[in-house]
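I wanted to look up how the chain is built before turning to one pair of packed elements. These are my notebook entries on that.

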Amino acid sequence: SDMSFEELLRVQSDTRTRVHKQVTTGKKNAKPTKATVKQQGKKGPLEMSAKKPVPFLRQVVSVTKKVHRDPRFDDLSGEYKPEIFMKTYSFLDSIKKQEKEMIQKQLKKCRNVEQKEKLQQLLNRMTQQEQAQIKQQKMRERELSLKRQQRELAKQGKKPFFLKKSEKRKLELAEKYAELKRSGKLESFLNKKRKRNAIKDKRRLPSQKD
């Protein structure tokens, strides 16, 4: 706005001659300008100019891929041994026992029907988990005793024997029978078993319509 009309004409003629020389000679007198960065306002995003030349060799940044590791199936966690695991985390049994006693006390004091049902379900689940843990512990003890017998036979120079799955199942049933007889629940267990077998037999029979 401060320049006169003659000065504006002179500037225009200078730029035209410069562009004409660049087109005819194929040379650029002026150095390429750097890519400008524009920003729309103080909080606006940065906009890079599209005039920036792309380099021939691009710099590739290697991104480290996250590898998810499952300690149950990873060799770095070591070999799983149930005996060592049970000894290491044996303190959890006392905590579970305290929680079970606390739920039993809450169940006696509770008057709300819905809350009482939830507490009863939680108590049943904890009892089932406790029974399953005792069953697994007995199975491990049985397997350990069989391994000790095999070692003794090997020391004596005899050929060790290996039980089949059916024979192991027979031993489990014999132990279960002895336990039920000792606790006095054998008769009720057999009655339930007879009822289940009778229902199965009734389903297998052909219907009267057929």
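I am working with a predicted model, in which local features need pLDDT of at least 70 and side-chain atom pairs count only at pLDDT 80 or more, while totals for chains, interfaces and linings use all residues. I number residues from 1 along each chain as its sequence is written, and side-chain values use heavy atoms, with hydrogens and water left out.

I then checked burial: of the 210 residues in the chain, 7% are buried, meaning under 20% relative accessible area with a 1.4 Å probe, protein chains only. The accessible surface of the chain is about 21100 Å², and carbon and sulfur atoms hold 55% of that (Shrake-Rupley method, 1.4 Å probe).

Next I turned to helix H4 (residues 113-155) and helix H5 (residues 165-183), whose axes come within 12 Å and cross at roughly 125 degrees; the axes are lines fitted to C-alpha atoms over the stretch in contact, with angles from 0 to 180 degrees between N-to-C directions. That makes H4 oblique to H5, since oblique covers whatever is left after under 35 degrees (roughly parallel), over 145 (roughly antiparallel) and 65 to 115 (roughly perpendicular).

I noted that Lys-138, Met-139 and Arg-142 in H4 meet Leu-171, Glu-172, Glu-175 and Glu-179 in H5, contact being heavy atoms within 4.5 Å.

Notes. Helix = DSSP H or I, 4+ residues; strand = E, 2+ residues; numbered from the N terminus. Buried < 20%, exposed > 50% of the residue type's maximum accessible area, 1.4 Å probe, protein only.
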